[in-house]
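Dear colleague,

Please find below the structure that I am handing over to you. My findings are set out after it.

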Amino acid sequence: MAFKTSDNGVNFLKSQEGCRLTAYKLSGETYWTIGYGHYGADVYEGMTITEAEAEELLRSDLVSYENHVNNIAVSKFPAINQNQFDALVSYTYNRGPGASDGSNGLRQLIYNSDSLSEVSENFVIYWGSAETYKEALIERRKREQALFNTPVTASVWLRTGRAESGNEFYNNA
């Protein structure tokens with residue numbers, strides 16, 4: 001059975017990405033980005049969307065990332081739970097599936113882990129490579145790690161801040 005991102009996972013990812021309704025382009029990027037991190041040739045300078053359109057783009061984009069997590073992570077660790085899956089979707093949404101040689105992205109995280117506890121430990125080790133955003137990426141990896149380590153029976157994670165300003169989470173249990 002293939003996993004899908006839960007509503008909790010979607011909300012977690014939305015809080016990690018933040019929402020920008022006008023297209024923006026990061027230095028060094030080929031394409032423009034809009035909404036909750038939707039990136040590609042279909043986004044152009046000056047483009048604007050509604051929040052509903054941003055969520056629609058996110059949910060559409062998630063299908064590919066869910067497939068990567070199912071094919072790469074769940075196939076290796078079939079005992080994965082929903083929070084672990086959601087955390088890995090967030091990780092993959094940010095870092096990508098990675099090269100087939102396991103040198104980056106989700107493949108790097110999974111191929112260098114022999115257990116789910118090692119996957120958890122490795123979130124902050126395989127944080128990414130964008131030195132300009134290193135601190136923010138490591139903090140995001142810690143939040144993904146916390147979600148990964150949250151038992152499925154635990155209460156929902158709530159957003160306590162804006163994505164741009166540290167975006168701390170707490171468990172309301």
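This is a predicted model: local features need pLDDT of at least 70, side-chain atom pairs count only at pLDDT 80 or more; totals for chains, interfaces and linings use all residues.

Residues are numbered from 1 along each chain as its sequence is written, and side-chain values use heavy atoms, with hydrogens and water left out.

The chain contains six helices and five strands, taken as DSSP runs (helices H or I, at least four residues; strands E, at least two) numbered from the N terminus. From that terminus, the elements follow the order α-β-β-β-α-α-α-α-α-β-β. Of the 173 residues, 44% are buried, that is, under 20% relative accessible area with a 1.4 Å probe, protein chains only.

Three strands form an open sheet in the order β1-β2-β3, with antiparallel pairing; two strands pair if DSSP finds at least two bridges between them. The edge strands, β1 (20-24) and β3 (38-40), each pair on one side only. Strand β2 (residues 32-35) is joined to β3 by three bridges, and Thr 33 has Tyr 39 as its bridge partner in β3.

Thr 92 belongs to helix α3 (residues 82-95) and counts as buried because its relative accessibility is 0%. Beyond its neighbours within four places in sequence, Thr 92 is in contact with Tyr 65, His 68, Val 69, Pro 97 and Leu 106, where contact means heavy atoms within 4.5 Å.

Yours sincerely

Notes: Buried means under 20% relative accessible area, exposed over 50%, partly exposed in between (1.4 Å probe, protein chains only).
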